[in-house]
There are 2 protein chains.
Amino acid sequence: MGLVVQKYGGSSVADAEGIKRVAKRIVEAKKNGHQVVVVVSAMGDTTDELIDLAEQVSPMPAGREFDMLLTAGERISMALLAMAIKNLGHEAQSFTGSQAGVITDSVHNKARIIDVTPGRIRESLDKGNIAIVAGFQGVSQDKKDITTLGRGGSDTTAVALAAALDAEVCEIYTDVDGVFTADPRVVKKARKIDWIAFEDMLELAASGSKVLLHRCVEYARRYNIPIHVRSSFSGLQGTWVSSEPIGDRKVEQAIISGVAHDTSEAKVTVVGVPDKPGEAAAIFRTISNAEINIDMIVQNVSAASTGLTDISFTLPKAEGRKAIDALERNKEGIGFDSLRYDDQIGKISLVGAGMKTNPGVTADFFTALSDAGVNIELISTSEIRISVVTRADDVNEAVRAVHTAFGLDSDSDEAVVYGGTGR
Amino acid sequence: MGLVVQKYGGSSVADAEGIKRVAKRIVEAKKNGHQVVVVVSAMGDTTDELIDLAEQVSPMPAGREFDMLLTAGERISMALLAMAIKNLGHEAQSFTGSQAGVITDSVHNKARIIDVTPGRIRESLDKGNIAIVAGFQGVSQDKKDITTLGRGGSDTTAVALAAALDAEVCEIYTDVDGVFTADPRVVKKARKIDWIAFEDMLELAASGSKVLLHRCVEYARRYNIPIHVRSSFSGLQGTWVSSEPIGDRKVEQAIISGVAHDTSEAKVTVVGVPDKPGEAAAIFRTISNAEINIDMIVQNVSAASTGLTDISFTLPKAEGRKAIDALERNKEGIGFDSLRYDDQIGKISLVGAGMKTNPGVTADFFTALSDAGVNIELISTSEIRISVVTRADDVNEAVRAVHTAFGLDSDSDEAVVYGGTGR
């Protein structure tokens, strides 16, 4: 029996009852002979309440002090969890990010982990203790200031510790049973995925699946740490994410892993761009200078008569205003007619490693959308993903249609099987 | 203009409005040319809420994890305060006890400060910043664990930092106007004291005055740091506590500084103790082994006929059960007839350096109590204090009678003046 890292999210430790339930679960793992390191998020809505307080004293809370504030949340949950475990007769010690050796850069509010030196954790484990670590936080290498890792940071803390401690597995406990073939709130027949490869999970995470964040999966893939996403409210097996199926689990990689969707983006179209070298560069340099991340980019075929073309891209709705302002300010330099902004769009993505060798997948995807009467506005592909942009209103229907078409529904006899040459 | 340390209690920073008000006050001090270090407590009821949570997961929360939990409160208030100051256009940095160099022993929940190494604070001040420090917390020298300083710990943090930074003054901001000649809730005519010597303040604190704790005053006296206790809700001068009156303030030391009272104690009487050497030692060794602090001790004159005596002592009510149990367990070893326990007592103390040279004070004190019909059960004296134990019901009346008798009432013409030989 080796070392396991368990991570519990805010909904699992929302109140004293939740903390006691989680404590029992941790003690079980210890009794089964594991060394146990637990990463915990702030209780329930604590972080939102702290943000709310911050906004009452400062219009744009940010930087060093905001990090100092937010990290209080995990301090509370980890100390309570350690107490609850002691109360069950086992020894537990809690550690802040700094005490746990989570070393980051100095970018407050979205720091990146640059090293993990878990000497104190190792020492505590060797004494037979359960180690409880505050998620989401670290300490900056140069200034020794408290930093936070940004959204989903506790998952990253867990995976980083698992890598540094050479853990058998990083268990991510949450309020759902695992990763599904589609969002179960949209697709009632969505199935829990037993195993998924890192690459497919990365594409799902990038395409709107919210169970695991891209950054955490990327970290796990780099250090080859198996992740087991599961519910803290049941004893069921969840979803394993790893390079190969674990142990004696005979799971074949599915051709299609799942369907993800995302309605948090908007589309900007730059109309009447001269079709000459350097134009796209000028547009996206402007966007990048404004520190805006974009997702899909599509350039229309140029109209021969005018020598002008349109360039569209998608980006988070929250960044829309900033992008439009930046482009308008540089209108003369770039040279375009006008801008169109549309935040009533949705994105549907089909993800699966099998796409590489099954050219029929793309055609089936478009057919399914067409049969459902869904109009496609933009298309973007990677080796193992196809994404389309549609009207936001069409998204749920489109996801269900695609899910059914690819045999992913839970009462289907089996998933669609492609021959080596597609069909 | 030198360096000032300001300490704000939980009631001063109870909500966002309070934090903004305090931020303005701090910025004023900075604008007046001071270097400013601020020590802050947890907001309002935060600490009580955290204790409540802890009791829900663990019946007797204590030790390392309890300290980790409680220190979250000050992290929140200090980060918010730093943000609020920045919002007023001034630079502020917050520091945990550990970052501020507050080094303690390893006794969790009531650690003692053993060193203060404020290098980071000094550096921050030299850059022109306002430094905000979490009160009540430190880091243990040997294990580098987070510790808390126990009740009133933030005041001690403030005085300790003032000493380490060689501050001009340590300002303790609270929700009252200063130290009064008696508790204003009991004595409507109580007067605010403009200046009081460390020694008198120590006796008042030991006798039930709650504005400043004994430990903090003791620390200030040792390092000769003037304390200015004042309200954070007004601009009024409060009470200066120091070895000598400050600057050009022509304040003569009053003969009587004030009247303190305390109804938090109980009385234990050990009945029928053989009047022979070693008996008192046996009793108080038993109490001390149970880690109970006692206050007054009185031994009755032995009855010649029986050779037996009674010994009474007072102690915090909360410790009463423990003391009785410890004595009962050692009944045979000590040798006594029975125990009496009485928690309906109160203590009234008259404090003043002038007592040393004015023997009439004691007689006047007893006369005032007698005129008010108050019966005295125990008496204890120090060089500058007389305390009596009475029925709890008599305490308020007794305090008012003594306050009036010694001319302390705010509409008296003047305080009673004694000649050198008493009267």
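A salt bridge is a side-chain nitrogen of Lys or Arg within 4 Å of a carboxyl oxygen of Asp or Glu. Keep that in mind, and look at chain A. The side chains of A:K267 and A:E377 meet in one, with 2.9 Å from N to O. This is a predicted model, by the way.

Where do those two residues sit? A:K267 is in strand β14, residues 265-274. A:E377 is in the loop between α12 (360-371) and β19 (378-382). They are 110 residues apart, so this pair links distant parts of the chain. In general, side chains of opposite charge can pair when their charged atoms come close. Over all chains, the structure holds 36 salt bridges.

Now, how many salt bridges lie between chain A and chain B? The count there is 2. In one of them, B:R120 pairs with A:D145. The closest N and O atoms of B:R120 and A:D145 are 2.9 Å apart.

Next, the extent of the interface. The size of an interface is often given as the accessible area lost when the parts come together. Here, the area buried between chain A and chain B is about 3200 Å². Carbon and sulfur atoms give 61% of that area. In residues, 40 of chain A are in contact with 40 of chain B.

On to symmetry. Two copies of a chain are related by a rotation about an axis and a shift along it. What rotation superposes chain A on chain B? A rotation of 180 degrees, with 0.0 Å of shift along its axis, and the RMSD is 0.0 Å. That is the relation of a two-fold axis. The same surface serves both copies: 100% of the contact residues of chain A recur in chain B. Which residue of chain A comes closest to the rotation axis? A:A72 does, at 2.4 Å for its C-alpha.

Last topic: the UniProt record. The entry is unreviewed, and it places a "binding site" feature at A:T47 and A:E74. These residues are spread over 28 residues of sequence, yet they cluster in space, with a largest C-alpha distance of 8.9 Å. A:T47 is in helix α2 of chain A.

The unreviewed UniProt entry also places "binding site" at A:K7, A:Y8, A:G9, A:G10, A:T174, A:D175, A:R185, A:K210 and A:V211. This set runs over 205 residues of sequence, and it is also spread in space, up to 24.0 Å between C-alpha atoms. One of the set, A:K210, sits in the loop between α7 (198-206) and α8 (214-223).

Methods
Residues numbered from 1 in each chain as written. Chains lettered and ligands numbered in written order. Predicted model: local features only at pLDDT ≥ 70, side-chain atom pairs only at ≥ 80, totals over all residues. Heavy atoms only, no water. Contact = heavy atoms within 4.5 Å. Buried area = accessible area lost by both parts, 1.4 Å probe. Least-squares fit on C-alpha atoms with pLDDT ≥ 70 in both. UniProt positions renumbered as here; feature names shortened; annotations may be inferred. Helix = DSSP H or I, 4+ residues; strand = E, 2+ residues; numbered from the N terminus.
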